[in-house]
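Visitor: I am new to protein structures. Could you show me how to read one, feature by feature?

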Amino acid sequence: MTEEKQLDLGSLADDELVEQMQEDLYDGLGVAVVEGTNILLERGWTPYDVLTKALVEAMRIVGADFRDGILFVPEVLLAANAMKAGMVILRPLLAETGAPRVGKMVVGTVKGDIHDIGKNLVGMMMEGAGFEVINLGTNNDVDKYLAALREHDADILGMSALLTTTMPYMKTVIEALKEKGLRDDYIVMVGGAPLNEAFAEAIGADAYCRDAALAVETAKRLIRERRRSNLPPEAGASA
Amino acid sequence: MAQAVQHEASPLRRVGGHKARLAFRGAGPRKLAVHPGIMGGTYRPLGERDMERIHATVLDVLETIGMAGALPILVEAAKARGCPLDDRGRIHFPRALVEDVIAGAARNFTIRALNPKYDVDLSGTRVHFTVGGEAISVLDFQTGRFRPSTLLDIYNMARLADGLEHIHRFGAILVPTELPDLFEFAINRTYAMLAGTAKTSGLSVLKPEYLDAIVALCDTILGREGAYLRNPFCTVGGCPIVSPLSYGDDNSGLIIAAARRGIPTTAVIASQAGATAPAALAGALVQNTAETIAALLMVNFVRPGHPMIFGNWPFVSDLRTGAFTGGGGEEAVLTAAAAQMAKFYDLPCSVGAGMTDSKVPDAQAGYEKGLTTALAGLAGANLVSESAGMVGSLLGTSFEAMVIDNDMLGSVQRAIRGIEVTEETLSYDVIKQAVDGPGHFLGSQQTLDLMESEYLYPTIADRSTPSEWEEKGALDIRQRAHERAREILSSHYPQNISFEADRRIRERFPIRLPSAVMTPRGGRW
């Protein structure tokens, strides 16, 4: 740590600490986020509360500021890395305590398309928001998508394309899901520069996401809606 | 994890969370990627041999053809230096004398501003962008149609320029057409400009006999008699030449009077290729450069070594009509060459660029202004005048254009700045790290460190996607500029003149700008 960092996080009351952690996460200070996470856990906070009350709220502000042009992409990635650092501690504990998982996403660029920087940004932002992300890279055909969804028991399929010539392949994937009777098992989100909402609707996707911040918001919303309709209300018990 | 730790060790590390970042970004453009006075000079349309030949012809013109119309004081001074006067009344300047005067002329000086942070260093090929133009009309802010320009307009233009970071100096952008009395015109326009901006100003005061009043006004602003000449925070300019090759009475008298008082001057010489100068661009350059040197001779005869900005402004005609045209490729390259000639003499110079012929801030205005200002800046012109707010071949001005041009000038400066090639910027290690690691550069330390110092972000130029743009109302740049101008004009009222100084100025001079329009009260915007 640099010498500027003289604040003793352990001396802060819970609400001050949470506020400080949110600031630190926003500023991409991973070590401080890890320290704060450990302190809260030592004080008896549930992993789920640490995640939702401290970290996720900070990433929500990051997403909003990215959307508003206050934060630049490199700063968002820095914050997402800090979030991931906290998640390294929290994820196994969350699994142990049976807390509801935020969600799992399989993401990849479609067959014939090798552009993936936007899709990677989405992946990093989703991880930053607490999602587990399985990044399939580029040039994915139907079989690869389906195998990954099954293997990882994913909630969300994310597909991207930069080329107008490759974007129709998204429809091929969705049709394959329908044929196998799997379409309703997954939330399907699509993105990429040439796409728009009308296209997403036409191919039967659940959402088109213009940018990474919007992808996170949309994923959270769709997961919430899905749980509300599928699950008994116990999911909210530990919140 | 490792990456996060590495970032925290960065000297540019950011702290303070959302509020701190908002304040940081909200503080306006960071001015890191560009700054006033960026070094130009990389664009050189003339070769060394071309410049030698132009210079040799300039000397021939001054020595053999000579200059007509010199005021008696100049004739006497020239005779005293051995310049023959022929029977047609033309002064002939011997080439050795011309070269001596150029060698002894003031160079590498700084022009002062009311606020010293706006001082403009004219040394070398440092480039600044400035307002000027003497337009007679303005695109009305409400109706968007031309109407005669007024004193209030120039006050508002000054305030607007004061609030725009890529405009480095203000000037007489328009004339107050409602003031028929020339003294009232001169004193009021000066007052309105100096009240509207603390940036350094280029004044245009019409007649030599008004200079004492102008100096008194400036002294009153500074609060002490004699203070202005010790700290001349504005220059006085004029067009002392009537092309081809004749001095003009009023303006050469004005420049002489200003020089004798010690007021830094700008001599702007704007012959028009095809009409008042040769149609051949090289010939236009020869004549205009000779005329600008004739102005330099005049100033230096009166007051050797007096600071004069070398306003080498060759203009171009549209030979279909004979009218001035400011926006074509001929004007762009000729202006760049004019700057190059000034730098050949190592003289602090100004040129005119950004003088679109379009009547509104549209695509024509954009490309004409972009091309001409970029070439002038790249050529190393110290002051690129008329570069913001002008439309209609210098006949009109526009508040929206001023805002758009500010964005444009930021981009132009970024291009002038060029590319710094160092061991570090060559980025071998950065490339290797990205390839070995995440496969992209968006999260690399270098990107974080350079995202604001290597890149300039426009204020009103739109970079959103078509769908975002539609969601935000599908506004074009003129509409966005209108709103930005309104924001500045409704809130930015510089207080350059103290209450006491203002009272004294109004007691002494017939100031026609009501105090009531000089405050944000009333919601006029």
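**Reading strands, helices and loops**

Guide: Let us start with a pair of strands. In chain B, E13(B) runs parallel to strand E15 (residues 315–318), and 2 bridges join them. Keep in mind that this is a predicted model.

Visitor: Which residue stands opposite Gln272(B) in E15(B)?

Guide: The general idea comes first. Strands of a sheet pair through backbone hydrogen bonds, either parallel or antiparallel. Here, Phe315(B) in E15(B) stands opposite Gln272(B). For Ala273(B), the bridge partner in E15(B) is Val316(B).

Visitor: How many bridges join E15(B) to E16(B), and in which sense do the strands run?

Guide: There are 3 bridges, and E15(B) and E16(B) run antiparallel. One facing pair is Asp318(B) and Ala323(B), the latter in E16(B). The two strands form a hairpin, with 4 residues between them. In the turn, Gly322(B) has a positive phi of about 85°.

Visitor: What is the order of the strands in this sheet of 3 strands?

Guide: The order is E13-E15-E16 in chain B, and the sheet is open with mixed pairing. Strand E13 (272–273) and strand E16 (323–325) of chain B each have a single partner strand, so one side of each has no neighbour in the sheet.

Visitor: Which strands are at the edges of the open sheet of 9 strands in chain B?

Guide: Read the order from end to end. It is E1-E4-E18-E17-E14-E12-E9-E8-E7 (chain B), again with mixed pairing. The edge strands are E1 (38–39) and E7 (169–171) of chain B, and each pairs on one side only. Now look inside that order. Strand E12 (residues 265–269) and strand E14 (residues 308–312) of chain B run parallel, joined by 5 bridges. Ala267(B) has Phe310(B) in E14(B) as its bridge partner.

Visitor: Let us turn to chain A. Is strand E3 (residues 156–160) of chain A mostly covered or mostly open?

Guide: E3(A) is mostly covered, with 5 of its 5 residues buried. Check which way they point. Ile156(A), Gly158(A) and Ser160(A) point one way, while Leu157(A) and Met159(A) point the other way.

Visitor: Which strands pair with E3(A)?

Guide: Strand E1 (residues 104–109) of chain A pairs with E3(A) in the parallel sense over 5 bridges. There, Val106(A) stands opposite Leu157(A). Strand E4 (residues 187–191) of chain A also runs parallel to E3(A), again joined by 5 bridges. Gly158(A) has Met189(A) in E4(A) as its bridge partner. From E3(A), the chain crosses through helix H7 (residues 169–179) of chain A to E4(A), in a right-handed β-α-β crossover.

Visitor: How do I describe two helices that pack together?

Guide: Two packed helices are described by the angle between their axes and the distance between the axes. Take helix H4 (residues 72–80) and helix H11 (residues 281–302) of chain B. Their axes come within 10 Å and cross at roughly 80°. Angles of 65 to 115 degrees count as roughly perpendicular, so H4(B) and H11(B) are roughly perpendicular to each other.

Visitor: Which residues of H4(B) and H11(B) meet?

Guide: Leu74(B), Ala77(B) and Ala78(B) in H4(B) meet Met298(B), Phe301(B) and Val302(B) in H11(B). By class, this contact has 6 nonpolar, no polar and no charged residues.

Visitor: How many residues of chain A are in contact with chain B?

Guide: The contact joins 27 residues of chain A to 24 residues of chain B. On the side of chain A, H4(A) gives the most, with 7 residues. That side divides into 16 nonpolar, 7 polar and 4 charged residues.

Visitor: What should I look for in the backbone of loops?

Guide: Most residues other than glycine have a negative phi, and most peptide bonds are trans. Now see the cases here. Leu206(B) has a positive phi, near 75°. Its place is the loop between strand E8 (200–203) and helix H8 (211–222) of chain B. Ala474(B) also has a positive phi, of about 55°. The peptide bond from Ser243(B) to Pro244(B) is cis, with omega near 0°.

Visitor: Is Leu206(B) buried or exposed?

Guide: Count C-beta neighbours inside 10 Å. Leu206(B) has 21, so Leu206(B) counts as buried. Ala474(B) has 9, so Ala474(B) counts as exposed.

Methods: Residues are numbered from 1 along each chain as its sequence is written. Chains are lettered from A and ligands numbered from 1 in the order in which they are written. This is a predicted model: local features need pLDDT of at least 70, side-chain atom pairs count only at pLDDT 80 or more; totals for chains, interfaces and linings use all residues. A residue is buried if 20 or more other C-beta atoms lie within 10 Å of its own, exposed if 12 or fewer, and partly exposed in between; C-beta atoms are placed from the backbone. Two strands pair if DSSP finds at least two bridges between them. A crossover is right-handed if, with the strands pointing away from the viewer, the path from the first strand over the helix to the second runs clockwise. Two residues are in contact if their C-beta atoms, placed from the backbone, lie within 7 Å. Ala, Val, Leu, Ile, Met, Phe, Trp, Tyr, Cys and Pro count as nonpolar, Asp, Glu, Lys and Arg as charged, and the others, Gly among them, as polar. Axes are lines fitted to C-alpha atoms, for helices over the stretch in contact, and angles run from 0 to 180 degrees between N-to-C directions. Angles under 35 degrees count as roughly parallel, over 145 as roughly antiparallel, 65 to 115 as roughly perpendicular and the rest as oblique.
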